[in-house]
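Keep the viewer open as you read.

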Amino acid sequence: MSAPQRPPRVKLAASIFSGDLGVIGAVVEAMSAKYGQADYISAPLLFSYTDYYEKEFGGSLIRRFVAFERLIEPEALPDVKLWTNALESGFAVQEKRRVNIDPGYLSAAHLILATGKGYSHRPYLRDGIYADLTLIYRKGAFQVLPWTYPDYAAGEMIGILTRIREKYLLQLRGEAAENKEQESE
């Protein structure tokens, strides 16, 4: 029998895209006020993998990927998704979103995104939110899964996520060293 244990805290990250870089900046500011300082913000990336959002957002979408310094409990992900959904609504004009926010978290083992759409590879969490196992980390690199969206499978995104994961692992080592030091006092 395994003994239940608390999982390590995880690194909150989000993909944010819009046709307006100013709106993306405002979203990063709002998320930083709620979840702590951003410790990674990607350069603006052209978001052109799908035309799914064109009707609502128009063309020429820009994406930024953001990660936050403060680690979160993994079970907080539905709360984050519900909060970012409300934030998207706050930026909407005439019931059309101006920004899309896809929050998720990085652990040492995987990238999980939050979604409101269930599917065979998306187990239900709670409050209408599902977990999308987007990438796994194995054999020293992120591995793409059959359902991974093409933008998350692209080398540029894998590079971004690898840098964020390295930062996360340093944070965990720092916390472990701090805890050990406190125990010895």
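Let's start with Glu-175, which is partly exposed, with a relative accessible area of 28%. This is a predicted model, so read every value here as computed from predicted coordinates. The side chain of Glu-175 meets that of Arg-9 in a salt bridge, 2.2 Å from N to O. Glu-175 sits in helix H5 and Arg-9 in the segment before S1, so the pair ties together parts that are 166 residues apart in sequence. Arg-9 is partly exposed too, at 29% relative accessible area.

**Charged pairs**

The structure holds 12 salt bridges. Side chains of opposite charge can pair when their charged atoms come close.

| Pair | N to O distance |
|---|---|
| Glu-175 and Arg-9 | 2.2 Å |
| Asp-20 and Arg-98 | 3.7 Å |
| Arg-97 and Glu-56 | 3.1 Å |

Take the salt bridge between Asp-20 and Arg-98. The pair links distant parts of the chain, with Asp-20 in the loop between S1 and H1 and Arg-98 in the loop between H3 and S5, 78 residues apart. Asp-20 counts as partly exposed at 34% relative accessibility, and Arg-98 counts as partly exposed at 32%.

Then there is the salt bridge of Arg-97 with Glu-56. Arg-97 lies in the loop between H3 and S5, while Glu-56 belongs to helix H2 (residues 54–57), and the two are 41 residues apart. Relative accessibility is 22% for Arg-97, which counts as partly exposed; Glu-56, at 28%, counts as partly exposed. Elsewhere, salt bridges that share partners join Arg-6, Glu-73 and Glu-75 into one network.

Now for the inside. In soluble globular proteins, nonpolar side chains tend to be buried together. The largest nonpolar core here has 28 residues, and the members that touch the most others are Ile-16, Val-27, Met-31, Val-99 and Ile-101. Strand S1 (10–18), helix H1 (21–35), S4, helix H3 (77–91), strand S5 (99–106), strand S6 (110–115), S8 and helix H5 (155–184) each put in at least two residues. H1 gives the largest share of this core, six residues.

Beyond its neighbours within four places in sequence, Met-31 is in contact with Ala-14, Ile-16, Gly-36, Phe-68, Trp-83, Thr-84, Leu-87 and Ile-101. There is also a second, separate core of 16 residues, which includes Leu-111, Tyr-152, Met-157 and Ile-160.

Phe-68, one of the contacts of Met-31, is found in strand S4 (residues 61–72). Is Phe-68 buried or exposed? Phe-68 counts as buried because its relative accessibility is 0%. Leaving out residues up to four places away in sequence, Phe-68 touches Lys-11, Leu-12, Met-31, Ser-32, Tyr-35, Gly-36, Gln-37, Ala-38 and Asp-39. The C-alpha atoms of Phe-68 and Ala-38 are separated by 4.1 Å, although the two residues are 30 apart along the chain.

**Strand S8 and its partners**

Which strands pair with S8? S6 does, in the antiparallel sense over six bridges. Within that pairing, Ile-112 has Leu-133 in S8 as its bridge partner. Strand S7 (residues 124–126) also pairs with S8 in the antiparallel sense, over two bridges, and Arg-126 stands opposite Ile-129 in S8. Strand S9 (residues 141–144) pairs with S8 in the antiparallel sense over four bridges, where Leu-135 stands opposite Val-144 in S9.Thr-134 is a residue of S8 (residues 129–138). Thr-134 is buried, with a relative accessible area of 1%. Setting aside residues up to four places away in sequence, Thr-134 touches Leu-111, Leu-113, Leu-145, Thr-148 and Tyr-152.

**Turns with a positive phi**

The hairpin of S7 and S8 has two residues between the strands, and there Asp-127 takes a positive phi near 55°. Asp-127 is not a glycine, and it counts as partly exposed at 48% relative accessibility. In the hairpin of S8 and S9, which has two residues between the strands, Lys-139 takes a positive phi near 55°.

Gln-94 has a positive phi of about 50° although it is not a glycine. You'll find Gln-94 in the loop between H3 and S5. Gln-94 counts as exposed because its relative accessibility is 78%, over the 50% cut-off.

Methods:
Residues numbered from 1 in each chain as written. Predicted model: local features only at pLDDT ≥ 70, side-chain atom pairs only at ≥ 80, totals over all residues. Heavy atoms only, no water. Buried < 20%, exposed > 50% of the residue type's maximum accessible area, 1.4 Å probe, protein only. Contact = heavy atoms within 4.5 Å. Core = buried A, V, L, I, M, F, W, Y, C linked by side-chain atoms within 4.5 Å. Pairing = 2+ DSSP bridges. Salt bridge = Lys/Arg side-chain N within 4 Å of Asp/Glu carboxyl O.
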